[in-house]
Amino acid sequence: MARWRGNQEAAVVVAGLLTANAVVHANPGPLGDRRCIGLRLAVTEADELLIDVSDPLPQFPDFAAAAAGECGRGLWQVARLGCDLSWFLTDDGDGKVVRARMTVGPVPA
């Protein structure tokens, strides 16, 4: 992320919110359980920051409502920071990834 020219403070907040959501809602289980939550950051050629948080649950039935703030506030806060939100299954289909795409530019107030 250090080479991304966007708002780094907002990106840290987004990463924290997405990770906290995964911990609370995906419930990775007790210590020793092989399921885990992952965080991946990548900068695209178009200078967008991709923040991916993976978890062991392969479904997200209320994604649109969560992003709109109709059930919870975490994803809504991420969207209000100017992120484009999406989710998709992991390559093995045993979990999902929630992605926030951030562009360089001002963060909405």
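I call a residue buried when its relative accessible area is under 20%, exposed when it is over 50%, and partly exposed in between (1.4 Å probe, protein chains only).

**Ground rules.** The model is predicted, so I take local features only at pLDDT of at least 70 and side-chain atom pairs only at pLDDT 80 or more, while totals for chains, interfaces and linings use all residues. I number residues from 1 along each chain as its sequence is written, and side-chain values use heavy atoms, with hydrogens and water left out.

**Cysteines.** I looked for disulfides, meaning pairs of cysteine sulfur atoms within 2.5 Å. The count is zero. Cys71 is in none; its nearest cysteine sulfur, that of Cys83, lies 18 Å away. I then checked accessibility. Cys83 is buried because its relative accessibility is 10%.

**Ala11.** I place Ala11 in helix α1, residues 8-26. Helices here are DSSP runs (H or I, at least four residues), strands are runs of E (at least two), and both are numbered from the N terminus. Ala11 has 0% relative accessibility, so it is buried. I also checked Ala11 against Thr44: 33 residues apart in sequence, 15 Å from C-alpha to C-alpha.

**Asp55.** Asp55 sits in strand β2. Is Asp55 buried or exposed? Asp55 is buried, because its relative accessibility is 6%. I looked for its polar contacts (N or O atoms within 3.5 Å; within protein, one able to donate a hydrogen and the other to accept it; residues adjacent in sequence count only if both atoms are side-chain atoms). Its side chain meets that of Lys96 at 2.9 Å. The Asp55 side chain also reaches the backbone nitrogen of Leu57, at 2.9 Å. Contact means heavy atoms within 4.5 Å. Leaving out residues up to four places away in sequence, I list Ala22, Ala26, Cys36, Ile37, Gly95 and Lys96 as touching Asp55.

**Largest pocket lining.** Which elements each supply at least two residues of the lining? They are α1, β2 (49-55), α3 (74-80) and β4 (96-102). Helix α1 gives the most, with five residues. I sorted the lining into 11 nonpolar, five polar and four charged residues. Nonpolar covers Ala, Val, Leu, Ile, Met, Phe, Trp, Tyr, Cys and Pro; charged covers Asp, Glu, Lys and Arg; the others, Gly among them, are polar.
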